[in-house]
Amino acid sequence: MQQLRAGDHAFVSYDGDDADRDVVSAFAWAGLAEREKVLVLAAPKLHEDDVWDRLDAPGALLGAARERGQLVVSSMRALIHPDEAFTPQRQWQRISEETDQALAEGYKGLRTYIDMHWVGDLNADVEMMKWRESHAHHLFVDRPYTEICAYDSRWFTPDVLTAMHEAHPCRLLPALGALHVEHTPGTVRLAGEADLATRQEFIGALHEALRRLDGGELTVDLSDLIFLSAACAVDLLRLVPADGRGRIRVRCGPVPARLLKQAGADAMPQLLLSEVER
């Protein structure tokens with residue numbers, strides 16, 4: 001979530017009534033810090049006061065943003081008004097208008113959080129919604145617009161969730177502070193945060209990758225990590241094969257690379273660091 005930039009169209013799923021709280025709150029705060037206008041289209045079942053509570057509205061910054069109209073809580077029903085039925089064209093029109101309005105008001109752009117429970121609220125056709133999601137590229141190309149589409153995995157079927165996960169160029173972890181692990185032949189990719197809370201998961205992922213490899217070169221891709229703790233950096237170095245039967249190539253950003261070097265990576269010929277810019 002912390003890597004989202006203007007022009008990103010992101011998917012996230014959640015499975016509890018409060019599971020999306022930290023994502024929408026962080027998304028809104030980041031937009032305010034970037035001097036963007038923020039539009040939150042929350043789940044229709046939520047009372048507006050509950051939505052503001054999720055955004056930590058008592059804070060002075062959010063209260064002021066609410067008063068000046070930089071942070072707006074609304075709904076898909078209100079967005080497409082006076083139309084009563086959803087169509088992709090009407091929604092696209094209104095989002096484009098809202099983006100232009102944000103720029104006219106002096107903001108750098110618009111970011112919108114959309115809880116997809118609006119589909120049931122408007123009795124919309126799911127296939128039409130899916131078509132909208134996979135054909136909305138024009139909203140983001142060369143436009144200062146960012147969007148998160150949040151899907152309740154208890155309400156949408158697995159095939160819809162899979163299709164929408166693939167349709168969105170950006171896929172978010174379901175919660176802040178989580179660690180995502182993805183194994184492919186010869187590679188383990190880690191995204192999110194490797195810290196005290198996820199340390200055992202981090203170590204387990206490396207052990208599993210080395211077990212699958214059984215010699216040769218393993219690529220540990222940390223390029224999508226938001227944070228790597230010193231303890232996890234040391235854990236990684238401790239797992240580097242010391243008997244010459246394999247090598248580890250670590251892809252990471254400049255900050256993790258510096259941390260690994262401070263922990264002794266340069267003295268390990270069987271470990272190769274490959275710095276990448278995020």
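Buried means under 20% relative accessible area, exposed over 50%, and partly exposed in between (1.4 Å probe, protein chains only). Helices (H or I, at least four residues) and strands (E, at least two) are DSSP runs, numbered from the N terminus. In soluble globular proteins, nonpolar side chains tend to be buried together.

M116 touches M129, E133, C149, A150, Y151 and F156, leaving aside neighbours within four places in sequence. Contact means heavy atoms within 4.5 Å.

## Basis of the model

Residues are numbered from 1 along each chain as its sequence is written, and side-chain values use heavy atoms, without hydrogens or water. The model is predicted: local features need pLDDT of at least 70, side-chain atom pairs count only at pLDDT 80 or more, and totals for chains, interfaces and linings use all residues.

R111 sits in strand β4. Its relative accessibility is 4%, so R111 counts as buried. Beyond neighbours within four places in sequence, R111 contacts L4, F27, A30, G31, E36, K37, V38, L39 and T146.

P82 is in the loop between α4 and α5. P82 counts as exposed because its relative accessibility is 58%. From P82 to G192 is 110 residues in sequence and 41 Å in space, C-alpha to C-alpha.

## Helix packing

α5 and helix α7 (residues 126–134) pack at about 40°, with axes 10 Å apart. Axes are lines fitted to C-alpha atoms, for helices over the stretch in contact, and angles run from 0 to 180 degrees between N-to-C directions. The two helices, α5 and α7, are therefore oblique to each other. P88, Q89, Q91, W92 and I95 of α5 meet M128, W131 and R132 of α7.

Helix α10 (residues 230–238) has C232, A233, D235, L236 and L237 as its buried residues. These pack against β8 (187–194), α9 (199–213), β9 (216–228), β10 (246–252), α11 (254–262) and β11 (271–275).

Definitions and conventions. Parallel < 35°, antiparallel > 145°, perpendicular 65-115°, else oblique.
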